[in-house]
Amino acid sequence: VVLCEGAGRMLLRMLRIDTDDFAAPAGVAVAFCMLEMFYAPIMLMQGSFSRIIFVTCLVFVIITVGFVLNVRSGLRSLIRGRMIYVLLSGLLFMGIFACCQGKLQPQLNDELNLMASNLNTAAVSLPDRSLQGYSLFGSFVMGLCLKDANSANLLLGVFAQMITAMLLLDIVDSFRIGNPWFRFTLILATLFYYQFYSWKIIGAFNSGNWRIFFVAMVLYGLYQWISTEMDDIKYLVICSIGAGLFVHSGFQLIALEIIYCLGAWMLGCKKIRCLSDLMILLVPSAVYFSLTLLRQYFVAGMCLLIGYIVLCVLRYNRKVYHHLISIENILIEHSSLLMYVLVPGVFLVGTFILRFFVERDGFSYGAYLDFFSSSYLRSCLFLRHSISDYILDVYRWIGLIIFIIRAYRKEEKMIQHIFLGMVIFFVNPLCLGLLTRITDMTNCSYAFEILFNPFTDVLIFYWIYTQFEWTVVGQWILE
């Protein structure tokens, strides 16, 4: 955690971002990004695990140098009162872990077994030949723990817990809440209820939990980018997307969905150079897709990779820039029709054709309900059967609907349009048939995490508070 704080400070210093927030979440993002860049060639060529050890140690050296160069600002950030919340969160996690470490679930055993299977192998291999290096990083940590799965689980879990606590504190403090009682309540709700209730304690190391973390970090970064108008924050968002691709294969679709909805808002509000910004934000996804394409179609993958990099570089050329502006103007004129009607309409028609006219390719909506009710999404869709779950579901959905209706600031409008795009397109049952045909049902289900994640939960909680802050009822509750 300390090294990640130093690496984060180094990144923020390079991007000329001056902040008193914890920098460890940014440090994790840049560290995971570097690991993915180093791991990807090894995974493509099925290199030995000794190479994974070498490049991981190299990344540790880099972030250690980052900490040494920023030791004063890093320690000043860590030695503060708010760090007590992070330490208490980590200690509580360890206490709960000690009580339930014998209750590992089968799917977590599978992930631990995958980490153990690559230890000291001559050729590393992952399921479905994916390029997510997080399990290899877990193998490295397990090697440090002398192949003890429980110790690796605890070490990775405490790390994930404390980094998430830091991000949640940064999110809460970014709203500059004047009421200390409400701030304290919000911190308790996020750190000691949401974090411990919504996530499996024993599986905090899980790549799925890191996926939710980086979804929150991407949305929080975009929110800060728009609200502060600091252009360099978008590069922090790029690191977060790259880190998300490091931990989970489902993040590729999540990133594309967020960028699609963001693009719809940017075009709708006629943001200057929005096409250039979108191209930069798509770099991690384009590179990742090119690398996956290299496995079967080497020439096509290499052409796509080189072509996209050249296009991003040439966007500063005057002629290319003018062409991009011309395309941007055309898209701006027809953005609402294109992004909210035509594209979703294609998927709607495609789903209808698959459902009624293509034999054995039809999708039953009952199958979606069965899938969602048996997955973790039941906690967001009124499919659990406890009073606390129903209360949380009602709070989330009502808060989401009110936020969509009444959001008014620029950064809130951006999040509003992301929510609208998700509801109209990516979580719309009428469009899911074709989407699941292109990807699969599991990857499509991750779209709900864009609606419900640590950042949006805190945002909606705070936003509802601002609506009632100066009313009689609000003052009575807060007092």
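Me: OK, and how many of the 18 residues of α12 are buried?

Reply: The buried residues number 16 of the 18, so α12 is largely enclosed by the rest of the structure.

Me: What about just after α12, which residue takes a positive phi there?

Reply: That residue is K270, with a phi of about 60 degrees.

Me: Switching to pockets: what volume does the second largest pocket have?

Reply: Its volume is about 660 Å³.

Me: And how many residues line the second largest pocket, and which lie nearest its centre?

Reply: The lining consists of 27 residues. Those nearest the centre are Q252, L253, L256, E257 and L282.

Me: Which helix gives the largest share of that lining?

Reply: The largest share comes from α12, which contributes eight residues. Helices that each supply at least two residues include α13 (274-281), α14 (283-294), α15 (298-314), α17 (335-356) and α20 (410-426), and α12 (251-268) belongs to this group as well.

Me: How do the lining residues divide into nonpolar, polar and charged?

Reply: There are 19 nonpolar residues, six polar ones and two charged ones.

Me: Back to phi. Where does Q46 lie, and what is its phi?

Reply: Q46 is found in the loop between α2 (24-44) and α3 (49-69). Its phi is near 50 degrees, a positive value in a residue other than glycine.

Me: Is Q46 buried, partly exposed or exposed?

Reply: Q46 is partly exposed, as its relative accessible area is 41%.

Me: And E229, where is that one?

Reply: E229 sits in the loop between α10 (207-228) and α11 (233-247). Although E229 is not a glycine, it has a positive phi of about 60 degrees.

Me: Why is E229 called exposed?

Reply: Its relative accessible area is 61%, and a residue counts as exposed when that value is over 50%.

Me: Last topic: what is the mean pLDDT of the protein chain?

Reply: The mean is 83, and 86% of the residues in the chain reach 70 or more.

Me: Which elements have the lowest and the highest mean pLDDT?

Reply: Helix α25 (residues 472-478) has the lowest, at 57, whereas α11 has the highest, at 93. Where pLDDT is low, the predicted coordinates should not be read in detail.

Methods. Residues numbered from 1 in each chain as written. Predicted model: local features only at pLDDT ≥ 70, side-chain atom pairs only at ≥ 80, totals over all residues. Heavy atoms only, no water. Helix = DSSP H or I, 4+ residues; strand = E, 2+ residues; numbered from the N terminus. Buried < 20%, exposed > 50% of the residue type's maximum accessible area, 1.4 Å probe, protein only. pLDDT = per-residue confidence, 0-100. 1 Å grid on protein atoms, 1.4 Å probe; cavity = no way out; pocket = protein on both sides within 12 Å on 5 of 7 lines; lining within 4 Å. Points joined across faces, edges and corners; volume = space filled by probe spheres on them. Nonpolar A, V, L, I, M, F, W, Y, C, P; charged D, E, K, R; others polar.
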